[in-house]
Amino acid sequence: MSYDLRDKTGILPIALRSCIQLFRRPIYWFGIFFLPLFMFLFLTSMFEKGLPTRVPAAIVDRDGSPLSREVTQNLASMQMVDFTHDADSFSEARHLMQQGNIYGFFLIPEDFQADLLAGKKPEITFYTNMTYFVPGTMLFKAFKLSATYTKADVAANVANSLGADASTLTPMMMPVQIQTRGLGNPGLNYGIYLANSFVPCTLQLMILLITCFSIGQEIKYRTSIHLMKMADGSVVKAIFGKLLPQTVIWFFIAIFMTSWLFKYNHYPMNGSWGWLILSQLLFVMACQGFALFFISVLPNLRLSLSACALLGILSFSIAAFSFPVESMYGAIGIFSYMVPVRYNFLIYIDQALNGIDIAYSKMYYIAYIIFILFPFTVLWKLKKNLLNPVNVP
């Protein structure tokens, strides 16, 4: 006796039908398992040591004096710089950077030491390739720090030659003592910040695409008529049963990623695991609700997928991971609050890094619920298209 789903109605048969579809189509395996886990392992392995170290660079020493060699040695001793090339000219160093062999170079001009001793002001120039933001920023920081220290060292040597002692020089060179304390991330670990923002953003992108694809396929191939019959004509029952297996899978993937980051990578957890797990569940459902809104408004597989892909990619920028909302143009900054991953990131900052009371994060959880309930305002339109599917190529 065979089990024929065509004769069954209700949420469980619809969910079983959805499971069969998930395991029969390789695209679901790729979109749900392979790509998110690949990006997750790629990002976590990249920032396994906290931040990139030994960034390839070049030195262009056109002076060759003891002072220029001292500057080169100080730079080479920095953790972030790896002088893989010793260029003879600006053109050679620029060519190496254009080829991608280095991410920046430090240029010491001719007669550098002689001009300093003569009281002139020689210029130290450094170039970084900001196309690659993280290594370019690391080199820029190291180069700027070295140039500042070189200037201070020369000034101290000149003052010392004039008879000034150390007790007099210190207040002159550093009149204000600066203490830096990295709250929430004392080790300045880039992974703690980037992995917990880019990984959920990648997950959001795939949830949007898979949700739209699974429902859009029903409309495209007119199988939505059978789906609605199994749901007794209820669009809520049809969507709930259709997305239930995906919700469970996405939730366990999100929990796996979260557990890996905090347990295996030992990222700081200063808040409650319960609130963070609830955030992951609501985040998955909010992303599905957002995708459901798109497929309801745009019941065309191609258009809805394009809209979800555009929004998912732009979320890496507009969710304000690397650029604060307060510094954005108002017309752009408002979009950061229109994507679920923004609230996932804010909850992570409040609950995991800062460990503050949940009362300060309650609005973010409410935002999740709004995303979940928002598509109910247009489900009537989706029901119409599920009952009378029209495929527009």
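Reply: Start with Arg342. This arginine is found in helix 14, which spans residues 340–354. The model is a predicted one. Arg342 counts as buried because its relative accessible area is 8%, and the cut-off for buried is under 20%. What does Arg342 touch, leaving out residues up to four places away in sequence? The list is Ala319, Ala320, Val325, Ser336 and Tyr337.

One of those contacts leads on to the rings. Tyr337 touches Arg342 and also belongs to a cluster linked by ring pairs.

Now the ring pairs in general. Searching the whole structure gives 32 aromatic pairs. Phe40 and Trp260 make an edge-to-face pair. Their centres are 6.3 Å apart, with 75° between the planes. Phe40 sits in helix 2 (residues 26–46) and Trp260 in helix 10 (residues 235–264), so this pair ties together parts 220 residues apart in sequence. The two partners can be taken in turn. Phe40 is buried, at 1% relative accessibility. Trp260 is partly exposed, with a relative accessible area of 28%.

A second pair joins Phe105 and Tyr127. Their ring centres are 4.8 Å apart and their planes meet at 25°, so the pair is stacked. Phe105 lies in strand 3 (residues 104–108) and Tyr127 in strand 4 (residues 125–128), so the pair ties together parts that are 22 residues apart in sequence. Phe105 is buried, at 0% relative accessibility. Tyr127 is partly exposed, at 31%.

Ala58 is placed in strand 1, residues 55–61. Its relative accessible area is 0%, so Ala58 is buried. Ala58 and Leu96 are 38 residues apart along the chain, and their C-alpha atoms are separated by 8.5 Å.

Take Val248 as an example. Val248 lies in helix 10. Val248 has a relative accessible area of 38%, so this valine is partly exposed.

Which residues of helix 16 are buried? In this helix, residues 379–387, they are Leu379, Leu382, Asn385 and Leu386. Seen down the axis of helix 16, the buried residues fall within an arc of 120°, so they line one face of the helix. Trp380 and Lys384 are exposed on the other side of helix 16.

Most residues other than glycine have a negative phi. Arg222 has a positive phi of about 60° although it is not a glycine. Arg222 is placed in the loop between helix 8 (190–220) and helix 9 (224–230). Arg222 is partly exposed, with a relative accessible area of 47%. Asp111 also has a positive phi, near 55°. The loop that holds Asp111 runs between strand 3 and helix 5 (112–117). Strand 3 is where Phe105 lies. Asp111 is partly exposed, with a relative accessible area of 45%.

Last, the whole chain. The secondary structure comes to 16 helices and 4 strands. The protein has 393 residues, and 45% of them count as buried. Among contacts between residues at least 6 apart in sequence, 75% join residues at least 24 apart. The protein exposes about 21100 Å², and carbon and sulfur atoms supply 64% of that area.

Terms used
Residues numbered from 1 in each chain as written. Predicted model: local features only at pLDDT ≥ 70, side-chain atom pairs only at ≥ 80, totals over all residues. Heavy atoms only, no water. Helix = DSSP H or I, 4+ residues; strand = E, 2+ residues; numbered from the N terminus. Buried < 20%, exposed > 50% of the residue type's maximum accessible area, 1.4 Å probe, protein only. Contact = heavy atoms within 4.5 Å. Phe/Tyr/Trp six-rings, centres within 6.5 Å; stacked < 30°, edge-to-face > 60°. Arc of directions from axis to C-beta. Areas by Shrake-Rupley, 256 points an atom, 1.4 Å probe, with all protein chains shown as cover.
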